[in-house]
Amino acid sequence: MKAIIVRSYGGPEALALEDVARPRPAKGEVLIKVRAVTVNRTRDLNVCAGQAGGPDALPLVPGQDPAGEIVDVGEGVGSSRIGQRVIVSSRLTCGECNACKAGRGSDCPKSRHIGIHRWGGYAEFVAVPEGQAVPIAASLSFPEAAVAMRHFPMAYQQLRGKLDIQPGEWLLVMGASGGLGSACVQVAKLMGAKVIAGAGGDERVAVAMALGADHGINYRSEDLTKRVREITGGRGVDAICENISDPTTFPAAFASLATMGRLVTAGAHGGGTVPVNMKQLYQSRQRILGSAGHDPIDIVKAMEGAGSGRLKAKVDLVMPLDKLLEAFQLIHDRKVAGKIVIDPHL
Ligand SMILES: [Zn+2]
C-alpha cells in the first residue's frame, strides 16, 4: 500500500511516500481502508522531528484522525464490523489506571497515540484496536468525520468534563475563530450557554458570530475586560475557554472572570507562560483547569452533534497522499480557512 513513512526523525524531508506491506489486523483489531485523515502541520512536524514518539516508534506512519471503512477484522472481532464506516479515536489509554477505570481516560497518565506511537492514517490502510474505531452517521462524509474528531471531543471535554458549563451561564471563548475555539463556540451553544467570542480581528469575530456566538469582541482593538463587563451587566463571565496562553491577552481575559468562575486551558500555542493575578484568583475563589484529550462520552457527543448537522466541521480542501508537503505549505501561507484532509485513495 502507499504510505507516508518516517524511517529516521528529521525535517519534512523525513516524510517519504513509499510502497509498504499492508498491515494485517492483529487480535482485537480492525483494518480500515482510509478515506480521510486530517493534516495538522505543527503536530505532524513535531512527530516527524521525533519530539513526540521516541526511537522505538520507528519506522512510523504518522497521521491523525483517520476515517474510513472497516475491510477486515482480527481474531476476536465480530465480522459484522466489516463494512462499517468509522472514525478513529487516536488516543490510546491504558485502561487500568484509576482515571481510566472511572471513565475519565482524558486524565490517563499513560496515554499513547495512533500516528505517534504506532502507525497512523497517512496510508491507504490502518489497523487499530477495535474500540478505537467509532461508527459514524451516514449523513457524515469521511472528511467531515475526520475534522469533527479533531476538535469537537476536546471541546466537549473542556465544557462538559472540566467547566461543567450550565445552561444560561456566560462563557468567553478566546481565539474563537480557530479550530478548537470555533468548536467550543458551537458546543457551548448546544449546551445552552451564552457565548462571547473573543478573537484577534474583525473578520475572525465575524466567523465566530456566524457559528452562533451571542456577542463578539475584537481583543486587539477593544478593551476586552470592559466589554465583557458591559455585556454581562458588570458581573463578568462564569467560565472561559482560554486556549491561547499569550502573555499579552491572558490577563484581560482572566480579569473578566466572575466570582467563583473557572478557566480551562489547553495547547499553550501563544507562548505558555502568562502572568496570573493571584490576588484575584483567591479573593474571587476562582479555578484554573488544565485539559488534555477527551473521554469516550465526549466522542459520542461530538459525533452525534456532527452527524445531526448541529455541529459543523469545516473541510477546506481534500488532497491526495502525495500532496502532503504541499498541504503543509498552504497551511503555512494561511491560504486555507478550514482544515485540509488527505484521502489516500484519491
Ligand atoms: Zn489509564
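**View 1. Glu-124 counts as buried, with 20 C-beta neighbours inside 10 Å.** Buried means that 20 or more other C-beta atoms lie within 10 Å of a residue's own; exposed means 12 or fewer, and partly exposed is in between, with C-beta atoms placed from the backbone. This is a predicted model: local features need pLDDT of at least 70, side-chain atom pairs count only at pLDDT 80 or more, and totals for chains, interfaces and linings use all residues. Residues are numbered from 1 along each chain as its sequence is written. Glu-124 sits in the loop between strand 7 (112-113) and strand 8 (125-129). Helices (H or I, at least four residues) and strands (E, at least two) are DSSP runs, numbered from the N terminus. Which residues does Glu-124 touch, not counting residues up to four places away in sequence? They are Met-1, Lys-2, Ala-3, Val-34, Pro-344 and His-345. Touching, or contact, means that the C-beta atoms of two residues, placed from the backbone, lie within 7 Å. Lys-33 is 91 residues from Glu-124 in sequence, yet the two are 6.0 Å apart in space, C-alpha to C-alpha.

**View 2. The loop between helix 1 and strand 4 holds Val-61 and Pro-59.** Helix 1 spans 41-48, and strand 4 spans 64-73. A cis peptide bond joins Leu-58 to Pro-59, with omega about -10 degrees. Most peptide bonds are trans. Val-61 is buried, because it has 23 C-beta neighbours inside 10 Å. Leaving out residues up to four places away in sequence, Val-61 touches Ala-3, Ile-4, Ile-5, Trp-119, Gly-120, Tyr-122 and Ala-123. Val-274 is another matter: its C-alpha atom is separated from that of Val-61 by 36 Å, and the two are 213 residues apart along the chain.

**View 3. Asp-65 has a positive phi, and so does Ser-245.** Most residues other than glycine have a negative phi. Asp-65 is not a glycine, but its phi is about 60 degrees. Asp-65 lies in strand 4. Is Asp-65 buried or exposed? Asp-65 counts as buried, because 26 C-beta neighbours lie inside 10 Å. Ser-245 is not a glycine either, and its phi is about 60 degrees. Ser-245 belongs to the loop between strand 13 (237-241) and helix 7 (250-254). Ser-245 has 19 C-beta neighbours inside 10 Å, so it counts as partly exposed.

**View 4. The largest nonpolar core has 101 residues.** A nonpolar core is a set of buried Ala, Val, Leu, Ile, Met, Phe, Trp, Tyr and Cys residues joined through C-beta atoms within 7 Å. Ile-32, Ala-145, Leu-171, Val-173 and Ala-188 touch the most other members. Helix 3 (residues 142-162) gives the largest share of this core, 11 residues. Where does the core lie? It lies between domain 1 (2-135 + 314-342) and domain 2 (153-290), because both give residues to it. These domain bounds come from an automatic or database domain assignment. The C-alpha centres of domain 1 and domain 2 are 30 Å apart. Take a look at Ala-188: it touches Leu-159, Ile-165, Leu-171, Val-173, Ala-193 and Val-195, not counting residues up to four places away in sequence.

**View 5. Strand 10 (residues 170-174) is largely enclosed by the rest of the structure, because 5 of its 5 residues are buried.** Trp-170, Leu-172 and Met-174 point one way from strand 10. Leu-171 and Val-173 point the other way. Strands pair if DSSP finds at least two bridges between them. Met-174 stands opposite Gly-198 in strand 11.

**View 6. Helix 9 (residues 296-307) has 12 residues.** How far does helix 9 reach from its first C-alpha to its last? Helix 9 reaches 17 Å, close to the expected 16 Å at 1.5 Å a residue. The expected span is 1.5 Å times one less than the number of residues. Buried residues of helix 9 are Asp-298, Ile-299, Lys-301, Ala-302, Met-303, Gly-305 and Ala-306. Their cover includes strand 5 (85-88), strand 9 (133-135), helix 3 and helix 4 (179-190). Just after helix 9, Gly-309 takes a positive phi of about 85 degrees.
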